[in-house]
Amino acid sequence: MIELGCNPAVMQYVQPVMSAEDTRKVMPILMDYPHSDDLGHWVVETREDNMPVGEVSLGFLPLNRPDVVPDLKAGDVNYSDEVEIGYLYLPCAWGKGYATEAAARLLAYAFNDIFLKKIVAVTDDRNHSSQKVLTKIGMRHTGDRHAYGYDVQGFEIHADEWKSKAKST
């Protein structure tokens, strides 16, 4: 999914666009957050032809985003103990429900399979599409917070809230 990091439309609210070479170099470090066998990144594919269109992830929330990308080294990022849900999609997948469906399934995994107590998410203030996905999957807007080195919009959902909402649908 190198094309995610190289696409200006995808990265507009995430970080500066990188070259394919820099994305390949930095990706393993960005994915090497504090170890947990249950957390990680998953590719999202279309049902029709298994074409990769994005990725969804559960990982520890970064508190800073060093300005050294693409010279990032292991240990350059400080993490909170909160687990974040995240996702990136190619523009061809936008507006088709992939983000909502995959994020909802990842919440089910987080609460039913690995028994997390809370999931958080953050978005750029301007990323209304991502904020809409988060509220659709039941996450609650918690206001301003600091993550990735910036002031961002925070969202969260606790396991008991999610299970209560799941029973009522």
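Ile 85 is in contact (heavy atoms within 4.5 Å) with Ser 57, Leu 58, Ala 103, Leu 106, Leu 107, Ile 119, Val 120, Ala 121, Leu 134 and Met 139, when residues up to four places away in sequence are not counted. The model is predicted, so that local features need pLDDT of at least 70 and side-chain atom pairs count only at pLDDT 80 or more, while totals for chains, interfaces and linings use all residues. Residues are numbered from 1 along each chain as its sequence is written, and side-chain values use heavy atoms, with hydrogens and water left out.

Helices (H or I, at least four residues) and strands (E, at least two) are DSSP runs, numbered from the N terminus.

Eight salt bridges were counted, each defined as a side-chain nitrogen of Lys or Arg within 4 Å of a carboxyl oxygen of Asp or Glu. Glu 82 and Lys 118 form one, with an N to O distance of 3.0 Å. Because Glu 82 lies in strand β3 (residues 79-89) and Lys 118 in strand β4 (residues 118-123), this pair ties together parts that are 36 residues apart in sequence. Glu 82 also forms a salt bridge with Arg 145, where the closest N and O atoms are 2.6 Å apart. Arg 145 lies in strand β5 (residues 140-147), so its pairing with Glu 82 of β3 ties together parts 63 residues apart in sequence.

Glu 82 is buried, at 15% relative accessible area, whereas Lys 118 is partly exposed at 27% and Arg 145 is partly exposed at 22%. Buried means under 20% relative accessible area, exposed over 50%, and partly exposed in between (1.4 Å probe, protein chains only). A network of salt bridges links Glu 82, Lys 118, Arg 140, Arg 145, Glu 156 and Glu 161. Asp 124 and Arg 126 also meet through their side chains in a salt bridge, at 2.9 Å from N to O.
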